[in-house]
Amino acid sequence: MTTTRTPALAVRILLLALLTTGASAAADEVSDFYAGKQVRLLIGYSAGGGYDTYARLLSRHLGKHIPGNPTVVPQNMPGAGSLRMANFLYNVAPKDGTVIGTFGRGIAMEPLLSGVGTQFDARKFSWLGSLNNEVSLCVAWHESGVKTMQDLQTQELIVGGTGSGSDTVIFPIVVRNLLGADIRLISGYPGGNDVLLAMERGEVDGRCGWSYSSLSSTRGDWLEQGRITILTQLALAKHPDLSGYPIITDFADSENELEAMEIIFSRQVMGRPYLAPPGIPAERLQALRRALDSVARDPEFLSDAGQLQLEVNPVSGEDVDALLARIYGASDAAIELAASAIRDSDGG
Amino acid sequence: MEAGAFEAAVAALAILLEPSRLMILGAGVLVGLTIGVIPGLGGIVGLALLLPFTFELDAYSAFAFLIGMGAVTTTSDTIPAVLFGVPGTTGSAATILDGHPLAKAGQAGRAFGAAYTASLLGGIAGAVLLAISIPVLRPVILYLGSPELLAICVFGLSMVAILSGKAPLKGMVAAGLGLLVAMVGSDPQTGTLRWTFGTLYLWEGLPLVPVTLGLFALPELADLAIARRSIGGGTRADTRSGQLAGVRDALEQWWLVLRCSWLGAALGAVPGMGAAVIDWLAYGHALKTEKNTERFGHGDIRGVIASESSNNAKEGGSLVPTIAFGVPGSASMAILLGAFMMHGLVPGPRMLTENLDVTYSIVWSIALANIIGAGLCLAFSNQLARVASIRIGLLLPVVLAVIFIGAFQGSRQWGDLYVLLGFGVFGWIMKRQGWPRPPLILGVVLGEIVERYLFISVGRYDWAWLTRPLVILFVTLAVVGLVGPLVKNLHSALTSAQPPRLGRPRLTASAAFTSVVIVALVAALDVLLGWNFEARIVPLTVTLIALTCGVTSLANDLFVRVQPAASDARVAPTDAPIIEGVRSLDLRSVLIRAGGFFGWCLAYLALAHLAGMLPAMLLFVAAFVRFWGRESIRSALLLAAGITAFSTLLFDQVLAIPWPQNILGTAFPALQPWLK
């Protein structure tokens with residue numbers, strides 16, 4: 001026994017040594033590359049929104065976690081709901097790991113569902129991961145009389161939404177189309193908070209597409225006092241705080257419908273996505289991925305995020321890759337169903 | 001409750017008056033003044049930049065810093081507006097109308113004195129309005145639903161009539177064009193891409209900054225270039241005495257100041273209204289209610305006072321929905337909302353009860369920032385007024401170069417520069433042909449929100465929303481305001497001693513321009529007929545109305561002969577007059593010089609495409625000063641190097657602008673870091 005174990009151990013130690021030197025050589029290379037450099041973090045929106053807030057906070061901390069400690073500079077590159085930035089990152093930005101970016105959570109599925117204006121293959125981006133796996137909600141105002149999803153089979157709910165293509169517009173349409181819920185969508189509100197104000201003044205009865213983190217930080221009292229009722233969670237997995245409430249996938253009638261829901265709500269997993277252009281050197285991609293992972297565990301970062309009331313619930317780059325592979329491999333029928341489910345067939 | 005509120009207010013003042021907090025407030029004010037002076041940079045940029053620095057501060061200091069900054073950008077934006085006819089932020093375009101002619105007449109000092117005093121008083125009036133309305137904020141805001149907001153915006157839009165002066169039909173067409181510009185991009189209802197012509201650039205619509213700079217700044221600069229004279233035109237600048245006269249002017253007009261500032265504060269609370277229209281609505285209000293308005297647009301100090309008092313008061317108003325409901329009234333308020341969250345403050349009822357002291361500290365911050373900001377501006381305006389006498393060959397290239405980079409802040413794409421130039425040429429022609437420009441900007445800003453609230457109101461209440469009392473009130477006011485001047489104009493023309501008569505068709509430059517606009521409208525109509533009903537209905541209505549007015553105006557141009565005396569003297573021109581040096585030139589020279597000016601602008605664009613914006617700036621300024629201004633090589637190089645170094649520091653280092661691709665940098669990647 002001992003005679004067989006010793007060489008094995010020696011081999012293991014040797015292998016480990018080789019691996020660590022190999023790894024540390026790679027780390028040195030990465031750290032030499034990044035030392036003294038600037039990494040640009042492109043934000044697909046103008047200053048002031050959620051994506052901007054997350055990205056600016058991240059840029060303050062990310063440099064410490066990348067070998068060589070580059071300076072991370074946030075830059076706003078707005079346009080076409082961040083589609084412009086996505087196209088830029090894919091086609092124009094240098095592919096050396098000095099440019100990373102963040103764009104809308106639905107962008108990765110755009111080529112699959114609409115394809116208008118997209119000039120990229122979402123699977124080929126170098127995904128670093130997502131800082132949050134969002135759980136959104138459908139809620140009803142207490143005066144609406146609607147308490148459960150089942151009520152919507154017999155009762156109308158007037159739901160407020162913002163602009164075309166936003167979560168607050170797509171999600172209620174999906175719920176209506178896939179579940180046959182009687183939802184009347186009034187869209188065009190300038191922002192999510194305007195919808196909440198409209199709810200408070202009785203103009204609308206609810207909101208479909210409200211991230212739980214934002215709800216609990218700004219209107220937690222509404223939930224506690226029963227001024228709003230959660231009808232369903234819109235995500236691929238339940239939020240740990242909300243285990244008692246149903247999730248949209250509970251209502252799927254068929255495998256096809258479940259798959260379509262997965263395609264649509266996968267954007268929630270990429271709630272705050274970070275990515276680099278396709279084809280950046282593998283060891284730098286590794287370094288950036290691990291940097292994002294470790295930022296998300298950094299107590300200083302978490303304390304700042306807590307102060308800003310930003311939820312951090314990280315998803316690794318590898319997990320985003322796997323999710324995209326699964327979605328893009330979905331059956332044609334499911335893709336077709338998802339594409340038609342997000343379309344406003346009602347005409348209004 | 002009342003006593004509690006008073007105590008909170010006093011306590012908040014005591015907290016804010018602590019020396020360290022006052023210094024932080026002062027620092028914020030300095031940053032705000034700097035941002036306000038530079039065209040294209042507004043409070044939003046400053047807030048995004050400064051927000052991280054407030055992590056370590058307590059809530060009172062953080063708000064003192066941020067609000068101190070935000071409150072005074074509309075104080076210093078007067079400086080370029082008066083001196084160059086270039087709005088420092090989108091909120092001072094109306095100041096140009098009378099402020100710039102005053103500077104040309106050697107009265108820049110008076111304009112500054114009046115503007116800062118009006119800004120100061122307006123800012124304080126806005127803060128006071130916010131403070132006294134705190135107890136009723138929530139019920140009032142809850143009462144104002146989408147239909148009411150729609151009616152207020154429609155009422156704002158009706159100001160087009162008064163802002164069109166002697167050319168009501170052209171004003172209607174201009175407003176229509178503005179509304180159509182507002183509808184370019186992805187439609188919020190259906191996602192239809194309206195008039196985007198296959199470009200991603202137009203998806204989010206035309207950004208306001210290059211549109212405003214193009215429409216108002218470039219035409220003024222073009223005229224200065226054509227006249228080839230310094231801004232003051234050789235008159236001695238009034239400095240100290242003029243300033244005092246200006247201060248007196250503003251104090252004498254206290255009632256106008258108060259009206260315009262409360263108007264500004266109230267409109268500031270309407271989400272989406274924004275600084276870019278509030279100054280015009282106040283200007284329109286002054287035109288409508290003041291007596292002897294024939295000098296408006298030619299350097300009437302009341303024009304400056306109206307515009308400046310309203311845009312500083314706006315800040316107090318736009319905080320109302322932010323504090324009381326967490327609904328940001330503007331993009332900069334959205335960032336401020338982030339600051340609230342950062343300090344554990346949740347906007348909503350608690351800001352008016354347990355966190356009342358924070359709310360009052362915000363009110364005090366606005367008031368104190370306005371005092372410090374106006375004081376600093378007054379102290380330095382002596383030197384600034386002298387800028388008007390600098391030779392145009394030195395001044396023009398620097399101002400132009402900053403405008404190019406400023407316009408690029410719109411959405412940071414090449415398209416911003418094309419929009420700037422396009423609206424520049426269009427605005428210059430409008431100015432020469434006597435087309436009022438304010439209605440266009442009103443249309444651009446209000447178009448989007450009017451369409452949004454219209455769909456919400458109809459979608460939610462069908463047509464029953466029209467029966468709500470406030471809606472009836474504002475819509476009636478709007479109809480009266482819109483139709484009244486038209487009827488009066490027509491009536492006075494028909495009943496005057498020499499009524500207009502019909503003549504044989506006469507092809508004038510004005511008729512040619514109107515025809516071009518009509519052709520553009522028909523082309524727009526052709527495109528929009530392909531959209532689905534919801535995306536089409538509002539632009540279709542607007543296009544048809546604009547076309548009707550356009551064709552009527554063309555017929556007017558072609559056939560109607562009006563005796564000069566027949567026009568109504570009470571209806572003032574509302575657009576800047578063409579300056580002396582330009583009027584004396586014959587058309588040929590004007591066109592050649594204008595072509596030269598816009599040619600230089602195009603050359604800058606070509607250079608920027610080739611080698612990046614900052615190297616282009618260096619070359620452009622040096623060449624312009626040397627060859628156009630005929631200044632020495634030494635001055636040319638020094639000036640070019642100075643302004644480029646400043647822009648590099650500010651835009652590249654501090655603001656970290658993502659510079660666009662350029663040809664040389666793409667061809668030789670090694671050069672890329674230098675070609676920004």
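The legends below describe close-up views of a predicted model.

Local features are given where pLDDT is at least 70, side-chain atom pairs count only at pLDDT 80 or more, and totals for chains, interfaces and linings use all residues. Residues are numbered from 1 along each chain as its sequence is written, while chains are lettered from A and ligands numbered from 1 in the order in which they are written.

**View 1. Confidence in the model and in chain B.**
The model scores ipTM 0.84 and pTM 0.87. Chain B has an average pLDDT of 87, and 96% of its residues score at least 70. pLDDT is the predictor's confidence in each residue, from 0 to 100. Along residues 565-572 of chain B, pLDDT stays under 50. For that stretch the model has 19 contacts beyond four places in sequence. Two residues are in contact if their C-beta atoms, placed from the backbone, lie within 7 Å.

**View 2. Where chain A meets chain B.**
Here 42 residues of chain A are in contact with 43 residues of chain B. Several elements of chain A each supply at least two residues to its side of the contact, including α2 (50-65), β2 (71-76), α3 (83-91) and α11 (299-307). Helices (H or I, at least four residues) and strands (E, at least two) are DSSP runs, numbered from the N terminus. α6(A) gives the most, with 5 residues. By class, the side of chain A that touches chain B has 15 nonpolar, 19 polar and 8 charged residues. Ala, Val, Leu, Ile, Met, Phe, Trp, Tyr, Cys and Pro count as nonpolar, Asp, Glu, Lys and Arg as charged, and the others, Gly among them, as polar.

A residue is buried if 20 or more other C-beta atoms lie within 10 Å of its own, exposed if 12 or fewer, and partly exposed in between; C-beta atoms are placed from the backbone. Among the buried residues are Asn193(A), Asp194(A), Leu196(A) and Met199(A). In chain A, the buried residues pack against β5 (136-141), β6 (157-161), α5 (167-179) and β8 (206-211). In chain B, they pack against α9 (146-158) and α16. Just after α6(A), Gly202(A) takes a positive phi of about 85°.

**View 3. Helices α6 and α16 of chain B.**
The axes of α6(B) (residues 93-104) and α16(B) (residues 301-325) come within 7 Å and cross at roughly 160°. That makes α6(B) roughly antiparallel to α16(B). Axes are lines fitted to C-alpha atoms, for helices over the stretch in contact, and angles run from 0 to 180 degrees between N-to-C directions. Angles under 35 degrees count as roughly parallel, over 145 as roughly antiparallel, 65 to 115 as roughly perpendicular and the rest as oblique. The crossing is left-handed. That term applies if the near helix is turned anticlockwise from the far one by less than a right angle; right-handed applies if clockwise. Residues of α6(B) in the contact include Ala94(B) and Leu97(B), and those of α16(B) include Ile301(B) and Val304(B). The contact has 4 nonpolar, 4 polar and 2 charged residues.

**View 4. Helices α3 and α17 of chain B.**
The axes of α3(B) (residues 43-50) and α17(B) (residues 331-342) come within 8 Å and cross at roughly 15°. That makes α3(B) roughly parallel to α17(B). This crossing, too, is left-handed. Gly43(B), Ile44(B), Leu47(B) and Ala48(B) of α3(B) make the contact with Ala331(B), Ser332(B), Ile335(B) and Leu336(B) of α17(B). Those residues divide into 6 nonpolar, 2 polar and no charged.

**View 5. Two loop residues with positive phi.**
Most residues other than glycine have a negative phi. Ala80(A) has a positive phi of about 50°. Ala80(A) sits in the loop between β2 and α3 of chain A. With 25 other C-beta atoms within 10 Å, Ala80(A) is buried. Trp195(B) also has a positive phi, near 50°. Its loop runs between β2 (193-194) and α12 (208-227) of chain B. Trp195(B) is partly exposed, with 18 other C-beta atoms within 10 Å.

**View 6. Phe84(B) and its contacts.**
Phe84(B) lies in helix α5 (residues 78-84) of chain B. It counts as buried, with 27 C-beta neighbours inside 10 Å. Phe84(B) and Val399(B) are 315 residues apart in sequence, yet 8.0 Å apart in space, C-alpha to C-alpha.
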